[in-house]
Amino acid sequence: MNQQDLDPDSTTDVGDVTNTEEELIRECEEMWKDMEECQNKLSLTGTETLTDSNAQLSLLIMQVKCLTAELSQWQKKTPEIIPLTEDVLITLGKEEFQKLRQDLEMVLSTMESKNEKLKEDLERVFNELKTKMLNVKEYKEKLLSTLGKFLEDHFPLPDRSVKKKKKNIQESTVQLITLHEMLEILINRLFDVPHDPYVKISDSFWPPYVELLLRNGIALRHPEDPTRIRLEAFHQ
């Protein structure tokens, strides 16, 4: 039993080489027949001066003869089949591993480049939002300051100290807050606790100012608890 019987792939490779040789022989034979036919036609024209086309035809005939001789030599040779030994397999494995490593390094480089660009974009967006928040904060403080001055000038308290009578006939002194302070409490509650913006109406809230806010739609009462109010969300 020879090596070809042991190795099916070897038998397949030899068969492929044989088929290629047969196909090449057929092509050469067809070319040779065409050349002979052309040469016979030229011989019938008589002994005319050799033209450029005839010279090219003779050159082609010589090339076909050379190719035929070279094909004959190749037919006499036995194709060399590289045995798949352990060293060959290791070499092929190293080549494939090296190619895979290069591909992975390229993918890694691409991902790192995209991540770096994404990081730069996020930092830029963050800086833009930070700048906007600072601008809004400055605008809010300026607006509250202007509003506070306006409210203090046009909506002063009747008296900083007002006496309220309780049911037990006793009197207690309550320190009222300005309309500006009342609005500031409602605004901070709205932004700090947006899911529960209601504020308990304390004794420091002057009732006329509470009614003023409710009547003009600036504040809203809680639908279930009339002692709690909230600022209307004009920013939404």
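The exercises below work through a predicted model of one chain, each with a solution in steps.

Residues are numbered from 1 along each chain as its sequence is written. Local features need pLDDT of at least 70 and side-chain atom pairs count only at pLDDT 80 or more, while totals for chains, interfaces and linings use all residues; side-chain values use heavy atoms, with hydrogens and water left out.

**Exercise 1. The chain as a whole**

Task: State how many helices and strands the chain has, and in which pattern they follow.

Solution. 
- Step 1. Helices (H or I, at least four residues) and strands (E, at least two) are DSSP runs, numbered from the N terminus.
- Step 2. The chain holds six helices and five strands.
- Step 3. Along the sequence the pattern reads α-α-α-α-β-β-α-β-α-β-β.

**Exercise 2. Burial and contacts in the chain**

Task: Find what share of the residues is buried, and what share of the contacts joins residues at least 24 apart.

Solution. 
- Step 1. Buried means under 20% relative accessible area, exposed over 50%, and partly exposed in between (1.4 Å probe, protein chains only).
- Step 2. The chain has 236 residues, of which 17% count as buried.
- Step 3. Contact means heavy atoms within 4.5 Å. Among contacts between residues at least 6 apart in sequence, 56% join residues at least 24 apart.

**Exercise 3. His180 and Leu144**

Task: Decide whether His180 and Leu144 are buried or exposed, and list their contacts beyond neighbours within four places in sequence.

Solution. 
- Step 1. His180 belongs to helix 5 (residues 179-192), and Leu144 to helix 4.
- Step 2. His180 counts as buried because its relative accessibility is 15%. Leu144 is buried because its relative accessibility is 15%.
- Step 3. With neighbours within four places set aside, His180 touches Leu144, Gly148, Leu151 and Glu152.

**Exercise 4. The aromatic pairs**

Task: Find how many aromatic pairs the whole structure has, and which residues they link into a cluster.

Solution. 
- Step 1. Rings of Phe, Tyr and Trp (its six-membered ring) pair if their centres lie within 6.5 Å; planes under 30 degrees apart count as stacked, over 60 as edge-to-face and the rest as tilted.
- Step 2. A search of the whole structure gives two aromatic pairs. Phe155 and Tyr209 form an edge-to-face pair, 6.3 Å centre to centre with 75° between the planes.
- Step 3. Phe155 sits in the loop between helix 4 (86-154) and strand 1 (161-165) and Tyr209 in helix 6 (residues 207-215), so their pair ties together parts 54 residues apart in sequence.
- Step 4. The ring centres of Trp206 and Tyr209 are 4.9 Å apart and the planes stand at 90°, so this pair is edge-to-face.
- Step 5. Through these ring pairs, Phe155, Trp206 and Tyr209 are linked into a cluster.
- Step 6. Tyr209 is buried at 5% relative accessibility, whereas Phe155 is partly exposed at 29% and Trp206 is partly exposed at 21%.

**Exercise 5. A charge over a ring**

Task: Name the residue that lies over the face of Tyr198.

Solution. 
- Step 1. A charge sits over a ring if NZ of Lys or CZ of Arg is within 6 Å of the ring centre and within 35 degrees of the ring normal.
- Step 2. Arg230 lies over the face of Tyr198, 5.8 Å from the ring centre.
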